[in-house]
Structure formats: C-alpha cells, structure tokens
Amino acid sequence: MSEPTFEKPLQPPFSAEKLAAVNVHLRSLEPQQILAWALEYLPGLYQTTAFGLTGLVAIDMLSKLAEPDSRPPLIFIDTLYHFPETHELISEVEERYGVKVHVFKPEDCKTVEHFEKKWGERLWEQYEDIYDYVVKVEPGRRAYEQLKVQSVITGRRASQGGERASLQPLEVDSTGLLKLNPLFAWSFAQVEQYIKENNVPRNKLLDQGYRSVGDWHSTSKSGEGDAGERAGRWAGKENKTECGLHKDYFDMQRKAGQLEATKLEAGDATCV
C-alpha cells in the first residue's frame with residue numbers, strides 16, 4: 001500500500017477529516033518515524049518539555065534524526081517553583097545535545113517574590129486552575145506567539161491515563177495549535193527501557209523516591225503501593241490529571257482575568 005500524501009507543510013484549516021486521515025497514518029508508525037514525519041510535514045515545529053522521561057526520549061530520538069540546527073527548538077515553562085534538580089537537568093540536556101532551551105516565566109515576574117507580590121502566596125491552593133494558567137498556560141501561549149510556533153511536540157502518552165487515555169498521535173487545540181504526541185502508544189516500561197539503553201539524562205529526583213517531577217509544592221515521593229507513573233503528583237487531588245497546558249485556553253484565560261481584575265482593584269496585582 002502506498003503512503004498517503006499530505007501537503008508539505010500541513011496547512012489550516014485542520015478539519016476533523018484531515019486529522020483523522022493523518023492519525024490513521026501515524027498510528028501505524030513507530031515514535032522515531034512519527035518524529036521524522038513531523039520534521040517534514042509540521043509547520044513552525046517546536047518541542048515543549050518539562051524534561052520528564054517521555055520528553056527526554058523525544059529529545060534523544062530527534063538528536064539521531066537531525067543535526068542541531070534542524071531540530072525543533074525546545075521551550076521550557078519556568079513556573080518559578082521547579083526543583084533545583086530540574087534546572088540542573090536542563091543544563092545537562094543543553095550540553096549533551098547541543099540545543100538551546102527557550103525559557104518563559106509568568107508574565108513580568110522574574111522571581112517567586114515578584115510572583116507572590118502580584119498573585120499572593122500559595123495561589124495553587126486557593127485558585128488551582130488560575131495558578132496553572134498564570135504559571136504555565138499564559139507563558140506557553142506567549143512563547144508560541146513570540147516564536148511563531150504552529151506545532152508542538154509533547155510528552156503525553158495514553159498509558160498515563162486520565163484525560164490522556166484516548167490520546168491521538170496528532171491533535172489540534174482550541175487556539176489552532178497542532179500537538180504531536182509521538183510516544184502516544186508507548187508504555188512507561190518502554191520509556192524506561194529506552195532511557196536506560198540510550199543513557200538518556202534524567203532528573204536525579206527519580207532516584208530518590210519520586211515517580212514524576214513537577215513543581216516542588218505539588219510533587220511528593222510516591223508512597224508504598226502507589227505505583228502509578230505519575231504517583232506523587234497533586235497528592236490528595238484524585239480528579240486532577242492535567243497541569244493546565246492541555247486544557248481549554250480561553251476558559252482558563254477568562255478565569256485568570258477575573259481574578260487579576262479583582263486584585264487590580266485592590267491595588268496589589270503588580271510585579272516589579
């Protein structure tokens with residue numbers, strides 16, 4: 001059977017029929033083949049990563065597919081609440097793979113002190129979705145606009161469960177952004193095996209009892225019998241499975257705008 005033909009690069013509108021045809025093709029490919037296809041077909045391609053294991057696998061695979069100048073640039077959303085070990089890993093990845101990481105932080109806030117002056121302390125406890133928006137979603141959207149991003153590679157996989165269980169290789173969000181999930185069909189065991197066999201750098205915290213690493217305030221060591229691959233994330237919040245980057249952008253923007261307007265009225269919504 002001959003390979004289906006698609007325009008190079010893919011052009012909007014991305015109808016349900018077009019996405020379905022692309023996904024039928026991509027579902028038959030291995031992750032490396034999906035990434036090779038993306039290099040050829042996806043416009044304005046970047047990789048967004050928090051340097052979790054799946055994202056690191058994609059970074060390593062891409063290093064074997066293209067020279068540094070031809071690889072999708074990396075985007076890291078610095079929430080200001082990451083572990084020091086995560087920042088150490090970023091430096092290691094830059095040195096190992098010869099890539100530059102574009103770092104974006106909450107708007108106009110360079111430090112935790114600046115952020116908490118604008119939004120208050122422990123915002124994640126009072127307004128969880130708004131916290132996700134201002135530290136992850138808004139900086140991500142700003143990165144896409146400044147860098148003219150049209151497509152992103154993610155580290156999501158169906159086996160992570162929750163809202164990801166029905167994940168497709170290629171999706172389009174409410175803003176029109178194409179999201180490629182090259183390892184959508186891989187299990188955690190396959191990811192771990194690739195990491196070990198290819199000596200891929202990984203977060204040191206994974207050797208200290210952590211299963212998944214995010215912000216320090218929402219990440220804890222997994223407990224006995226807690227074997228899920230995202231164990232230790234958002235403890236006590238069984239219904240939370242996403243950090244916000246893959247939720248509805250416009251709904252989160254509206255909620256954050258309402259809270260910021262309230263704080264502006266109170267005179268405390270500014271960063272320095």
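This is a predicted model: local features need pLDDT of at least 70, side-chain atom pairs count only at pLDDT 80 or more; totals for chains, interfaces and linings use all residues.
**Entry 1: a proline to start from**

I began with proline 68, which is partly exposed, its relative accessible area being 33%. For this notebook, buried means under 20% relative accessible area, exposed means over 50%, and partly exposed is in between, with a 1.4 Å probe and protein chains only. Residues are numbered from 1 along each chain as its sequence is written, and side-chain values use heavy atoms, with hydrogens and water left out.

Where does proline 68 lie? I found proline 68 in the loop between α3 and β2. Helices (H or I, at least four residues) and strands (E, at least two) are DSSP runs, numbered from the N terminus. Leaving aside neighbours within four places in sequence, I saw proline 68 in contact (heavy atoms within 4.5 Å) with Tyr97 and Gly98. I also looked up valine 99: it is 31 residues from proline 68 in sequence, yet the two are 6.3 Å apart in space, C-alpha to C-alpha.

**Entry 2: the sheet**

Next I traced the strands. I found 6 of them in an open sheet with mixed pairing, in the order β3-β2-β1-β4-β6-β5. Two strands pair if DSSP finds at least two bridges between them. β3 (101-104) and β5 (170-172) are at the edges with a single partner strand each, so one side of each has no neighbour in the sheet. From one strand to the next, the twist averages 30°.

I then stayed with β1. Strand β1 (residues 45-48) runs parallel to β4 (residues 151-153), and 3 bridges join them. In this pairing I noted leucine 45 opposite serine 151. β1 and β2 also run parallel, joined by 2 bridges, and leucine 74 in β2 is the bridge partner of glutamine 47.

Helix α1 (residues 16-26) lies across β5 and β6 (178-180), at about 160° to β5. Helix α7 lies across β1, β2 (74-77), β3 and β4, at about 150° to β2. The axes are lines fitted to C-alpha atoms, for helices over the stretch in contact, and angles run from 0 to 180 degrees between N-to-C directions.

**Entry 3: aromatic rings**

How many aromatic pairs does the structure hold? I noted 13. Phenylalanine 115 and tyrosine 131 form an edge-to-face pair, 6.4 Å centre to centre with 85° between the planes. This pair links distant parts of the chain, 16 residues apart: phenylalanine 115 is in helix α5 (residues 112-119) and tyrosine 131 in helix α7 (residues 128-147). Both residues are buried. Tryptophan 186 and tyrosine 194 make a tilted pair, 6.3 Å centre to centre with 55° between the planes. Rings of Phe, Tyr and Trp (its six-membered ring) pair if their centres lie within 6.5 Å; planes under 30 degrees apart count as stacked, over 60 as edge-to-face and the rest as tilted. I also saw ring pairs linking Tyr81, Phe115, Trp124, Tyr131 and Trp216 into a cluster.
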